[in-house]
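Me: Can you walk me through this one? I'd like to go over the domains, the salt bridges and one of the helices.
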Amino acid sequence: MAVTSAQYLPGSVDIPVAQFPPTLTSTNVDPESVASQLVDKINTALSQRDFEAISGLFLEDGYWRDHLCLTWDYRTAKGRDQIQALLKSAQLPTKIDIDRSTGLRTPHVGPIDAFGDVKGVEFFIKVSSPVISGTGVVRVAEVNSEWKIFTFFTSLQNLVGYEERVGHRRPLGVQHGENKDRKNWQDRRNAESNLEGNPPPVLIIGAGQAGLSVAARLKMLDIDSLIIDEEERVGDNWRKRYHQLVLHDPVWMDHLPYVPFPPNWPVFTPKDKLAEFFECYVKLLELNVWTRTSVQSTSWNEAENVWTIDLQRRKEDGSIETRTLKPRHVIQATGHSGKKEMPRFKGLESFKGDRLCHSSEFPGVSDLARPQAKKAVVVGACNSGHDIAQDYYEKGYDVTIVQRSSTCVISSASITDIGLKGLFDEDSPPTEDAELYLWSLPWEVLKAQQVKITRAQNHHDRAVLDGLDRAGFKVDNGPAGAGLIMKYFQRGGGYYIDVGASQLIADGKIKVKHGQEIAEILPHGLRFADGSELPADEIVLATGYQNMRTQARPIFGDAVADRVGDIWGMDAEGEMRTIWRRSGHPGLWFMGGNLALCRYYSRTLALQIKALEEGIAK
């Protein structure tokens, strides 16, 4: 049977599960009136800098979550004392307004937990000051016939006077009138992409979704950047992964900024299709990308706050170009994690089978070979391990998956039909509304919601989960029973979104070896700590990756990496550590995550850089 799992990244805080307030008891609620009265009280208190009055509008254990509207950081204050302390240290907004631009944003009575057991009033807000404009979401509960704020979220959208160049601010694209030095669009793009003008203040390392999305945000803020990548083509970070890879997140959650997928895009995106889209994205948004380019050396000038970065670029004609850039900001966008976690098992070099590799190097099983009685062993029981095991089985191998600890297993259907239903689906609100609604939840509250959602998902998946149990495959429900999402954020792995392999395991078509550590790699198999052996012609180590910080060390050196904080996992306030925020080393930023995370946090990271460049932040 499934158990809870308390595993989380070293140094990360295992945040508690929030307690929901009581549901509303009034039978005739005017949400407009409730929202208007609260907003009026907040505005009056803001004008008087009456922090006690503001905090008094919250439940005793209410939350104010802020992304850059109050401070240049990500903060969550819980309880009236912490909220007062946050406000006292903040640059306060001057005005809060109710946002009625869409149906979801308009004040309404609705569930403030996962399934409507607790109802309250929800509404979106606009946040303004002479410096910033932002947005937010408020959830209000009725307690003893009084309306009190349960969660209050504010998120920076624009810097006043430096708004994104979209919509009414879009560029003209041409210079009319007499101009003897006129260049056409292609001439201008060639010059820009070759850095023939002013050198860019931002260098981005990595041309995956993280690098592309933050480059797009910076461009809309009039900040030039250069993306570099060692691969041959944009998208190769997906294109070169194992043959059967398809995104596990559905299309409604996966848009990139400014260019949503077209309406005929499949629900689950194949890796090669995503790679092609990335190439198109670069062209559509006129992003400057140098592929076949590597960092040769880096140094940081503390006095001038500038990097010196030596690059080596292999051009299309085969020639080698070296360039030295002096950006003020470098964004490491080299992937969600760091180096591959390649265990150094005893006897690793003695293996004489057909293949032994890490999952990141696994190209897929050849369609041409359907071996008789060939044996494959996949070490690791998360997404990649399951996908690779299923690929082996479908190509005729006798395959065993080695599970060293329990795995959180949730079916793809449970995610789309339960976990994301109503927020990210075919009939969901606009993507920007949905993502604000999601990220407005403090992590403790999201964790409490996920406990309820995980119970419902387990009920939906019961037959398969019971089959896994009978097959000896151990499953868990994530930290505090909060399922896959919280295991992803608190541990960074340990889960599988079931797209078919679980039933193969339950049916005995994929065998399981659970709980035994590998003692030795043999010439034709593995030996475990209990002395048992498992023959293998091929071994794939789906053993995950190290922390993203480990990738900084070979790029920037020990002195820089030692100043960087731990990446991913949660701080004491329940915000993610280091990623998307100041890293601990000036001028160095980290950008990563799935497409949904990159879409939202690319904006806030780009706004931090813009504020520094314009002297708004220090």
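Predicted model: local features only at pLDDT ≥ 70, side-chain atom pairs only at ≥ 80, totals over all residues.

Me: Which domains does the assignment of the protein chain give?
Reply: There are domain 1 (31-159), domain 2 (194-338 + 552-573 + 581-614) and domain 3 (348-541).

Me: Let's take domain 1 and domain 3. What distance separates their centres?
Reply: Going by C-alpha atoms, the centres of domain 1 and domain 3 are 39 Å apart.

Me: And how many residues are in contact there?
Reply: Domain 1 puts in 23 residues, and they touch 17 residues of domain 3.

Me: What about the area buried between them?
Reply: About 1800 Å² is buried between domain 1 and domain 3, with carbon and sulfur atoms giving 60% of that. On the domain 1 side, 30% of the area buried against domain 3 comes from Arg65, Phe115 and Arg139, more than any other three residues supply.

Me: How many salt bridges go across that interface?
Reply: Four salt bridges are found between domain 1 and domain 3. As for polar contacts, eleven residue pairs make them across the interface, counting pairs with both residues at pLDDT 80 or more.

Me: Which elements of domain 1 give two or more residues to that side?
Reply: They are β1 (58-67), β2 (74-78), β5 (119-128), β6 (132-143) and β7 (146-159). The largest share is from β7, with five residues.

Me: How do the residues on that side divide into nonpolar, polar and charged?
Reply: On the side of domain 1 that touches domain 3, ten are nonpolar, six are polar and seven are charged.

Me: OK, salt bridges next. How many does the structure hold?
Reply: The count for the structure is 50. One of the salt bridges is Asp117 with Lys452, where the closest N and O atoms are 3.1 Å apart.

Me: What does Arg100 pair with?
Reply: Arg100 meets Glu32 in a salt bridge, at 3.0 Å from N to O. Arg100 is in the loop between β3 (95-99) and β4 (108-111), while Glu32 belongs to helix α1 (residues 31-47), so this pair ties together parts 68 residues apart in sequence.

Me: How accessible are those two?
Reply: Arg100 is partly exposed, at 43% relative accessible area. Glu32 is partly exposed too, at 26%.

Me: What about Glu164 and Arg217, buried or exposed?
Reply: Both Glu164 and Arg217 are buried. They form a salt bridge whose closest N and O atoms are 3.8 Å apart. Since Glu164 sits in the loop between β7 and α4 (185-193) and Arg217 in helix α5 (residues 209-220), the pair ties together parts that are 53 residues apart in sequence.

Me: And where does Glu232 come in?
Reply: Glu232 makes a salt bridge with Arg314, with the closest N and O atoms 2.2 Å apart. Here the loop between β9 (225-228) and α6 (236-239) holds Glu232, and strand β12 (residues 306-314) holds Arg314, so the tied parts are 82 residues apart in sequence. Glu232 counts as partly exposed at 36% relative accessibility, and Arg314 is partly exposed at 35%.

Me: Switching to the helix now. Which residues of α4 are buried?
Reply: Arg189, Ala191 and Ser193 are the buried residues of α4.

Me: What does Arg189 touch, then?
Reply: Setting aside neighbours within four places in sequence, Arg189 is in contact with Glu286, Leu287 and Asn288. With Asn288 there is a polar contact between the two side chains, at 2.9 Å.

Me: And what covers the buried residues of α4?
Reply: The cover includes β10 (289-290).

Definitions and conventions: Residues numbered from 1 in each chain as written. Heavy atoms only, no water. Domains from an automatic or database assignment. Contact = heavy atoms within 4.5 Å. Buried area = accessible area lost by both parts, 1.4 Å probe. Salt bridge = Lys/Arg side-chain N within 4 Å of Asp/Glu carboxyl O. Polar contact = N/O pair within 3.5 Å; in protein donor to acceptor, adjacent residues only side chain to side chain. Helix = DSSP H or I, 4+ residues; strand = E, 2+ residues; numbered from the N terminus. Nonpolar A, V, L, I, M, F, W, Y, C, P; charged D, E, K, R; others polar. Buried < 20%, exposed > 50% of the residue type's maximum accessible area, 1.4 Å probe, protein only.
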